[in-house]
Amino acid sequence: MQIDWEALTAAAVEAMRHAYCPYSGYPVGAAGLTTDGQVVVGCNVENASYGLGLCAECAMVGALALSGGGRLVAVACVNGNEEPVVPCGRCRQLILEHGGPGCLVRMPSAVMPMSQVLPEGFEPTDLTLVPTSTFRQH
């Protein structure tokens, strides 16, 4: 699949313009391209309790679920200067789960697959590696 990084980044910029960030003043937008060619977007949404804020990538994955799901093949995230930003750890985990190790992410230095952005990431299949019967019951 051909990825138009400029268009994907432009969608992230447009999403960033809707960010709700009165506490940090740091708007972020995210856009993801799916296997069927749709683009899903999200922006960060802060909260007065600080820790309950949502990252743009979280909102993007929520939009993916609302659209009927699918798999991410490429993701671009930008800040208020319209520059690529690095997804935080929680968001790397979300992108990995919904795109897999081959999902491409536009990082500040280069486009990288999730296998590099989150090396040896934890995936849903890891949950089945240890049978629950091996744990001591209390």
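View 1. The unreviewed UniProt entry annotates residues 3–125 as "domain: CMP/dCMP-type deaminase". The model shown is predicted.

**View 2. Strand β1 and its two faces.** Strand β1 spans residues 28–34. Of its 7 residues, 7 are buried, so β1 is largely enclosed by the rest of the structure. Side chains in a regular strand alternate between the two faces of the sheet. In β1, Val-28, Ala-30, Gly-32 and Thr-34 point one way, while Gly-29, Ala-31 and Leu-33 point the other way.

**View 3. The hairpin of β1 and β2.** Strand β2 covers residues 39–43 and runs antiparallel to β1, with 5 bridges joining the two. Gly-32 faces Val-40 of β2. The hairpin has 4 residues between its strands, and Gly-37 in the turn has a positive phi of about 90 degrees.

**View 4. Strand β3 beside β1.** Strand β3 (residues 72–79) has 8 of its 8 residues buried, so the rest of the structure largely encloses it. β1 and β3 are antiparallel and joined by 7 bridges. Asn-79 of β3 stands opposite Val-28, and Val-75 of β3 is the bridge partner of Gly-32.

**View 5. From β3 to β4.** Strand β4 (residues 104–106) runs parallel to β3, and 3 bridges join them. Val-75 has Val-105 in β4 as its bridge partner. Between β3 and β4 the chain passes through helix α3 (residues 89–99), and this β-α-β crossover is right-handed.

How values were computed
Residues numbered from 1 in each chain as written. Predicted model: local features only at pLDDT ≥ 70, side-chain atom pairs only at ≥ 80, totals over all residues. Heavy atoms only, no water. UniProt positions renumbered as here; feature names shortened; annotations may be inferred. Buried < 20%, exposed > 50% of the residue type's maximum accessible area, 1.4 Å probe, protein only. Pairing = 2+ DSSP bridges. Right-handed = clockwise from strand over helix to strand, strands pointing away.
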